[in-house]
Amino acid sequence: MFRIHRTTPSRRKAKPVLLISLIALIAVWAYACDGTAPTESAVVAADATFKSQGKRPRLSSTFDKGADGWTIAGDGDDAMTGWWPLSLQPSYDPAGGNPGGAVYAVDRGRGGAWFWHAPPKFLGNRRGAHRGTLEFDIRIEPAGPTNNYADVVLAGAGLTLMVDAGPEPTTTQWTHYSVRLDAGAGWRHRDLWGPRATEEEIRAVLKDLTVLLIRGEFITGDDTGYLDNVRILPPGKGT
Ligand SMILES: [Ca+2]
């Protein structure tokens, strides 16, 4: 005996919609999994978001009362958002910092690396930070074999500069990083293997800083990354 299946008009319409949605999700997923750092065009596209934002009372975030405007770029907490989910909110732990509060995000193991995305108060004309330092504390959970990505990304004045901030964290304890904002730190264009940035180029980026990213993911697979004590310090004040 044959059973006749009737297809209602609403179901006929639903199929193409579902197919298009599935293709879009696959495209976003593939973009999030390409394993590369953010492209320069993506950075430029994000620039306009910050142009008109923000007062900057102090160039630090100690997360005493909350996330202080920091967001997440990459696959932390939601792998389906691509590299520039500018409004993706991190989690906040009021007692998990170094000391006090800290922000954290859970990586879903989709590949690539995710980054902490600085709020507007760190951006704009940061010319006074040239030859100063960017400092921050990182903690990962669990510890494990680390991967190598750019640790800090600066974009502005049409340039995207990246640097290796030093050895990756190898324990679940807090690790302090101090990154010099000068050519001696080894800043490079677009990725860790690009041309070396000149002193003039670093000064130009800091004078028109539109994006500041700090790497949050250091091991392959699911993990949680914490951030505390971010500071931009003028020359001679670094640790
Ligand atoms: Ca803190």
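The largest nonpolar core of the protein has 50 residues. A nonpolar core here is a set of buried Ala, Val, Leu, Ile, Met, Phe, Trp, Tyr and Cys residues joined through C-beta atoms within 7 Å. A residue counts as buried if 20 or more other C-beta atoms lie within 10 Å of its own, as exposed if 12 or fewer do, and as partly exposed in between, with C-beta atoms placed from the backbone. Val152, Val153, Leu213 and Leu227 have the most contacts inside this core. Strand 11 (residues 209-215) supplies the largest share of the core, 5 residues. All of this comes from a predicted model, where local features need pLDDT of at least 70 and side-chain atom pairs count only at pLDDT 80 or more, while totals for chains, interfaces and linings use all residues. Residue numbers start from 1 along each chain, as its sequence is written.

Zooming out, the protein has 3 helices and 12 strands. These are DSSP runs numbered from the N terminus: H or I over at least four residues for helices, E over at least two for strands. Of the 239 residues, 38% count as buried. Two residues are in contact if their C-beta atoms, placed from the backbone, lie within 7 Å. Taking contacts between residues at least 6 apart in sequence, 78% join residues at least 24 apart.

Trp187 gives a closer look at one buried spot. This residue sits in the loop between strand 9 (175-180) and strand 10, and it counts as buried because 26 other C-beta atoms lie within 10 Å. Setting aside neighbours within four places in sequence, Trp187 touches Leu161, Val163, Ala197 and Ile202, in the sense of contact given above. Ala165 is 22 residues from Trp187 in sequence, and the two are 9.6 Å apart in space, C-alpha to C-alpha.

Phe63, in the loop between strand 1 (60-61) and strand 2 (71-73), has a positive phi of about 55 degrees although it is not a glycine. Phe63 is buried, since it has 26 C-beta neighbours inside 10 Å. Arg190 is another non-glycine residue with a positive phi, near 75 degrees, and its loop runs between strand 10 (188-189) and helix 3 (199-207). With 19 other C-beta atoms within 10 Å, Arg190 comes out as partly exposed.

Then there are the cis peptide bonds. One joins Asn98 and Pro99, with omega about 5 degrees; Pro99 belongs to the loop between strand 3 (91-93) and strand 4 (102-107). Another links Glu141 to Pro142, with omega about 0 degrees, and Pro142 lies in the loop between strand 6 (133-141) and strand 7 (152-156).
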